[in-house]
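Welcome! Let's take a friendly walk through a few features of this structure, one piece at a time.

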Amino acid sequence: MIYRTNPTQSYRMPEFDQALIWSVLFLLSIGLIMVYSASVAIAEAQFGADQSGYYLVRHVVYLIFGLLLGAVAFQIPVHFWQKYAIFMLLAGLLLLVLVLVPGIGREVNGSQRWISLYVVNLQPSEIMKLFMIIYTADYVVRRAANMNRFNKGFLPLLIMVVMVGFLLLRQPDFGAAVVIAALTIGILFLGGVSIKIFAGLLGLTAVGMLILIYGASYRLERIIGFMDPWADPLGKGYQLSHALIAFGRGEWFGVGLGGSVEKLFYLPEAHTDFLLAVLAEELGFAGVAVVIVLFAVLVARAFAIGRQSARLECHFAALVAQGIGLWIGMQAIINMGVNMGVLPTKGLTLPLMSFGGSSITAICFALAILMRIDWENRQRLRGTTQEPEGIQYRAGIER
């Protein structure tokens, strides 16, 4: 497609969204640097001085695997994900059940969230986030005419979300359950569900979270520790107090790359959940601001791609694109909020940056689908794509 601004000047539409690609590449690159910086001390302590790059090597392997899977996912037309959405959801439910089976699921730090594949561990909750986005988008498109009716529209999806949440809480993985519930509510809103149902969902979710928090002492202790970490800096507020110290030491431009003190066994999970705190200490406010801007660009482009799909009446693709943007943006905000002491401590990684094989693989896979949606949009604008038979693109509602 050639866009003309005047008779003597024309611009050719690029094949891909450049802002999306560069924001992802920069986040991955910063993540690689910071995973190595944050993990050197713990790697040397665990595996010896000659293994300082242990976690970096594993992170690179996970990233390469995620990029290869993403390359495969990009080759698959978007209508495939719509056609087989229910099967992906059932596969995700099966994995969530298997992780609870003794001998199959692996327990780490009191939580049974992983399936051991001998070489690596698979965390089904990360994959389930993507499968739930795809299923909910397909559900909203198929049931668009009944979405404002409780029994025929909303109730079946609610039952499915409750099942997923129950399995996640059995692990327990409260953070993943909250993210999946929020993603479902967000996609329903973007799909055009009535304000009454949306408000009811928000109220029901808030009540459910309060019950779950007060029903488990360790969750309540985290809330108490979050409200005043300095009241018990060696106990409930240990992680948060050291994260805040890291932010304070970083000031405007940081103490220099590799100069963090908090990563030297003071700050637990420095290369995973609290990677941003190490980044803040070493690169300061400037480094954190760059990361926030990059995430903002990524999420904005995901929603822009979704809006373009909606304008082209590809509503399933629109909801998937915006759901992926919502997932990455929400998880990034939660992780940053935890690191900054704005939100209670929760075990959610920083997308594209933190160490974690399942997380980075799932995010790369999801971004490949997002790029495929963008690519198909551009092909339609060129008039070179034929719509597949049997796929209902026009059933959704653009908000």
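Predicted model: local features only at pLDDT ≥ 70, side-chain atom pairs only at ≥ 80, totals over all residues.

The strands E3 and E4 are joined by 4 bridges and run in the antiparallel sense. Together with E5 they form an open sheet of 3 strands, in the order E3-E4-E5 with antiparallel pairing. E3 and E5 stand at the edges with a single partner strand each, so one side of each has no neighbour in the sheet.

| Element | Residues |
|---|---|
| Strand E3 | 105-108 |
| Strand E4 | 111-116 |
| Strand E5 | 121-122 |
| Helix H1 | 18-47 |
| Helix H10 | 238-250 |
| Helix H12 | 315-340 |

Next, follow helix H1 from one end to the other. H1 contains 30 residues and spans 40 Å from first to last C-alpha, close to the expected 44 Å. Along the way there is a kink of about 50°, centred on Ser39. Just after the helix comes Gly48, with a positive phi of about 110°.

How do the axes of H10 and H12 cross? They come within 7 Å of each other and cross at roughly 90°, which means that H10 is roughly perpendicular to H12. On the H10 side, Leu240, Ala243, Leu244 and Phe247 make the contact, and H12 contributes Val338, Asn339 and Met340.

How values were computed
Residues numbered from 1 in each chain as written. Heavy atoms only, no water. Helix = DSSP H or I, 4+ residues; strand = E, 2+ residues; numbered from the N terminus. Expected span 1.5 Å × (residues − 1). Bend = angle between axes of the 7 residues up to and from the residue. Pairing = 2+ DSSP bridges. Axes fitted to C-alpha atoms, helices over the stretch in contact; angles between N-to-C directions. Parallel < 35°, antiparallel > 145°, perpendicular 65-115°, else oblique. Contact = heavy atoms within 4.5 Å.
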